[in-house]
Amino acid sequence: GLEVDDKDNEKSRQINSILEKTYYDVETHSSESLDWFNVLIAQTINQFREEALQKNNIINSLNDFIERRSNELPQYLDQIKITEVDIGDDFPIFSNCIIQYSPNSNNKRLEAKIDIDLSDRLALGIETRLLLNYPKPFSAALPIKLTVSVVRFQACLTVSLTTDEQFVPTSKEANEGEMGNDKGYYLMFSFNPEYRMELEVKSLIGARSKLENIPKIASLIEYQISKWFVERCVEPRFQFVKLPGMWPRSKNTRKEKTDTDDSSSV
Amino acid sequence: MSVDIDWDNIHCDLSVNQGVKDFLNSRLQEFELPSYVNNLKVTNFDLGTMPPSVVLKQMDDPLDDFYSYLLEEGDISGEDAKDKNTDVQLLVELDYKGDMSIELSADLVLNYPSPQFMILPVKLRISDIGMHCLCLFAYLKKQLFISFLCDVSDPLLEDNKLQVDPSGPNFMGKRALERISLIRNIKIHTELGQQDQGEGSVLRSVGKLEEFLVDLFRNLIRKEAAWPSWIDLDFSTADSEAEDPEVEDPENGPHQPNTPSDIKEPSVTNSSSSTRPISTENTPIVDELRLNSNISLDD
């Protein structure tokens, strides 16, 4: 008991010392903008989009991926064909960042709280058929066309760096996987449950006579998406991402290309 | 048509036709036969070459009636009943003018001039069945409910314009008799021996038998599958059922010692409570389901 208390006290003492030496008072420090961060993140996203467009065929590669996984589809779904992918052209804006003690951690953990706001159109369009496999496989099929887009996302993000072992995986795979007893630092993030995600679902159902934009379809899709999201990264669930080693190593060393560079001239 | 139906694949499948035949035969056994007929049997069922047209009209949350029923049956908890997120109900317009046929055999009993005076074997053929009706398919908690609502030209629909309104006239309880019959037309043809054709009393009995069969057929649909009744297919244990190849051990009989006794079979039940006219029973579509799952395993 006493040893644990000592360890706990040591942790609080370390945290207080860090705050003191970085001139950060969690009570009085005002929130900061993250403009520099937004620029770097935007650059990264831009890079990703360029790559996606360079291959020119993000739809094809997604279709290939789906084809490879087609045996994992439920029996009532026919082959899924991707008809549209919109990777957007705007960037997320992070702002209003503060450092605080993690709630319920008894002042033993620090975290950053950041507002995030994204207004964009990230869309995925698919085409498939709902199959009736009774009385025989493929007895009847109901064609479905769907476009799901995220048009707005607003949330409060919690980020911390930790080696903490107080968190348990929510699935068995994570336990057996690389997460095991791996030492090192993890980036841990989660969204506040009061997030706002605006989705647009367009649907077209039927073979010759069609029904358009059925609200029930939209609510089925929205339910599945928010379930997926909440089960992964909304408090009290957190995402843990292992951070790579940052210690300077020669194999990670680069320098800028120049014309007068000896090694590049023949 | 909204739904593409691969009719060629279905209609020439002997097992499907056999399954329907078995189902109809088991249903027939539950009907009490009048004094002038014995041994009524379905001898052949043919789905015909023309598919029904199925048009999707609406898609909603399932009606509360289905949840109430499952609650009453103890299949779900109150908590489950509130979660309708993954449940769905389709309202479809079913139009059928196909060449489906049902062949039956029966013994016609002539009770004139004396009781059981003569027994004549007859063959009957039901065909030209026409239906154009609204039908509900609700899928919730791994159970599929199928219920015929009304004919599309039912006057009760005029104000509602083919919409499903739980408080509307189609849902006012037992108003089956006020509705236009779900079966628009049906033809019955009887064959009997050449020498009996001239007998007036024979033909009278044939006429009565034909009338009886048409009524029976209409009642089967109306009482068993028309709102406020429905057909309920339970798929909640269909997976485990499909894995069970149902090998009959000649020594131990069909019950394997390692088969858990509490496995619920996919069953068809008619909605039943004090307000519903039909009694609850497990009916042989169970066999039909099982039959077909075995066939798919063999494939």
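A salt bridge is taken here as a side-chain nitrogen of Lys or Arg within 4 Å of a carboxyl oxygen of Asp or Glu. In the predicted model, two salt bridges are counted between chain A and chain B. One of them joins Arg208(A) to Asp4(B), with the closest N and O atoms 4.0 Å apart.

On the side of chain A that touches chain B, the elements giving two or more residues are β4 (140-162) and α5 (215-233) (DSSP runs numbered from the N terminus, helices being H or I of at least four residues and strands E of at least two). The largest share, five residues, comes from α5(A). β4(A) pairs with strand β1 (residues 4-5) of chain B in the antiparallel sense over two bridges (pairing requires at least two DSSP bridges). Within β1(B), Asp4(B) is the bridge partner of Ala141(A).

Contact (heavy atoms within 4.5 Å) involves 23 residues of chain A and 25 residues of chain B. About 2,100 Å² is buried between the chains, 58% of it from carbon and sulfur atoms (accessible area, 1.4 Å probe, lost by two parts on being put together, summed over both). In chain A, Tyr134(A), Lys136(A) and Lys216(A) lose the most area to chain B, together 28% of what that side buries.

Residues are numbered from 1 along each chain as its sequence is written, and chains are lettered from A in the order in which they are written. Local features need pLDDT of at least 70, side-chain atom pairs count only at pLDDT 80 or more, and totals for chains, interfaces and linings use all residues, while side-chain values use heavy atoms, without hydrogens and water.
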